[in-house]
Every structure is written in C-alpha cells, then in structure tokens.
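Reader: Can you walk me through this one? Keep it quick.

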Amino acid sequence: MKWTAVTEHRAKLGEGPFWDEPTQALYWVDIAGKQALRLIGANVDIWQMPEHVSAFIPTQNGDALVTLSSGVYRLDLDSPGLEPRLTLLCMADPQPGNRANEARCDALGQLWLGTMQNNIGAEGEDLPIEHRSGGLFRVGSDGRVLPLLRGLGIPNTLVWSPDGTTVYFGDSLDGTLYRHFIYPEGNLAPAEVWFGPHPRGGPDGSAMDARGYIWNARWDGSCLLRLNPDGQVDRVIELPVSRPTSCVFGGEDLKTLYITSAASPLGHPLDGALLSMRVDVPGVACTRFAG
C-alpha cells in the first residue's frame, strides 16, 4: 500500500486521530508537545495546551473535548491557538500523578477514557512507569463519570464490536489486547485475552473497519496488524515510521487510513509524521461526544 506524509508537521508523540464526517476534518494530538491539531483540506490549526493532551474530539454542541492531565475540558474552537478557552467538564481520574491516555467515543457518544501513571517529563522526556495506577472511565454527556477498570498500566485501543456488546481494549504494558463483554447496565465483564504479545512491536491504538477487522498500530514495530474478528493476523501493513501510535478511517468514503506516529531514538525522517494511505475496505465512522 502506498503511504503519504499528510503535512510537514512532526510530533513528539502523535496520537488520538479522529475523523469528523460532517466537516471532513481530522483531529489529532501531540501528547508530549501539548498540542491539539486539526486538518481541514490542506490547512492545519494548532491549539497549544497548558498540559499534556491525549485526545481532541469534537462535540455535538459545536466545541470539542480535550483530555488533559488535570481533567476533561471543553475547548472553544473559535479561541486563539496560543490562548485556548478551556472549561472543565469533569475530573475523571483523581489519582495524583496520573495522566490521560487513550480516549474514544462509543456509538452513543459517551467518552471512554483510559489513564496511566504520567511517563512524560517537563521537557518531553520519557519517565519510567513504576505503578499500574491507571484506570478506564466512561463519561456521559452530562459529565458524570463511571469507573470501569482499575490497576491499568498503559491503556490503549478502544474499539467496539458492530453490535455494541463488546469493547476491545489494550494494555501496552502487557503487550495484550483484551475483550470485555459490556453488561446491559454498562459495567464490564472480566477481561478475556483476545490478541497476545506479537514479535512486531507492542499494541498501541486501533481502528475498526466495516467488516469487523481491527487495524492495530504496533509501537516499535513499524507496521499495522489487521486482525480478524477471531484475533488472528490477517495482514501486516509495513510503515516508514518506527513508532506508529494509532489510526482512523477518514475521507468521503472512509477508505483513507490516517496513521499517527511518534519520535524515536532511531531518528527515521518520518518518525512523528501523520501518514495516510488508501485502503480497500471502508472503516467505521467516528462518533462525536454527545454533550
């Protein structure tokens, strides 16, 4: 598959791509660079955040959510990039020393947010992870928070089965993607191992296509793995970056795959780039936050 570097921008830790169908816009973040970015056509807008930011998701109300270290905030998209107007929606995880990581909205527009021990220093340097202090939380349109899981290392991947009864959720510290049945009242059944450690890097973010296959970015693996619904490798998509971090389907037909990446010690020229490639199957559309 042929890839393209979408912009000249290089992130320290690119993450969290979100494709907004109504506006044909791509939202993503640079966690370590404290930036929320939006691509419309060839134009890139950048909002500089006061803290590490792990997700940037438009809302039904016309603003956007940003998940910062101190909480989930609403961002006024009309505010200047260097002076963003932020309003606190909720503090999902009050655990001192934690930060937000993976965040996605389910088909109902509820925000699912994974948190972890902060592993990024003041200058963007890596810090060791010494505690499994993270959790998984669900945030409703009114800002109410429901804790779902505790004791997580590095939460990554949040995608749902086509019928909405199952969430696929990863912990990169385990090198494993898990599957949880979602009870009717909203709580999660105990984890089942769905896809375990693999020699091509560790599991990072994922996207689901219209056939129910999961495309998983492999940190330090320079590839995506397309996994069938039974958790078997269907294909390996080679990439020109050391640390792909996540992906999302976009474009008018949802057949353009956007891939975020991070800088690495290997210093490959495209590390940190936003990539795109045309694929042969459409993806599942992203859902805005319902509030």
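Reader: Is Arg99 buried or exposed, and why?
Author: Arg99 counts as buried because its relative accessibility is 4%. Buried means under 20% relative accessible area, exposed over 50%, partly exposed in between (1.4 Å probe, protein chains only).

Reader: What kind of model is this?
Author: This is a predicted model: local features need pLDDT of at least 70, side-chain atom pairs count only at pLDDT 80 or more, and totals for chains, interfaces and linings use all residues. Residues are numbered from 1 along each chain as its sequence is written, and side-chain values use heavy atoms, leaving out hydrogens and water.

Reader: Which strand holds Arg99?
Author: Arg99 sits in strand E10, residues 98-105. Strands (E, at least two residues) are DSSP runs, numbered from the N terminus.

Reader: And Asn101, buried or exposed?
Author: Asn101 is buried, at 7% relative accessible area. Asn101 also lies in strand E10.

Reader: Which side chain does the Arg99 side chain make a polar contact with?
Author: That of Asn101, at 3.1 Å. A polar contact is a pair of N or O atoms within 3.5 Å; within protein, one must be able to donate a hydrogen and the other to accept it, and residues adjacent in sequence count only if both atoms are side-chain atoms.

Reader: Which residues does the UniProt "binding site" annotation cover?
Author: The unreviewed UniProt entry puts Arg99 and Asn101 under that annotation. UniProt positions follow the numbering used here, feature names are shortened, and annotations may be inferred rather than shown by experiment.

Definitions and conventions:
Helix = DSSP H or I, 4+ residues; strand = E, 2+ residues; numbered from the N terminus.
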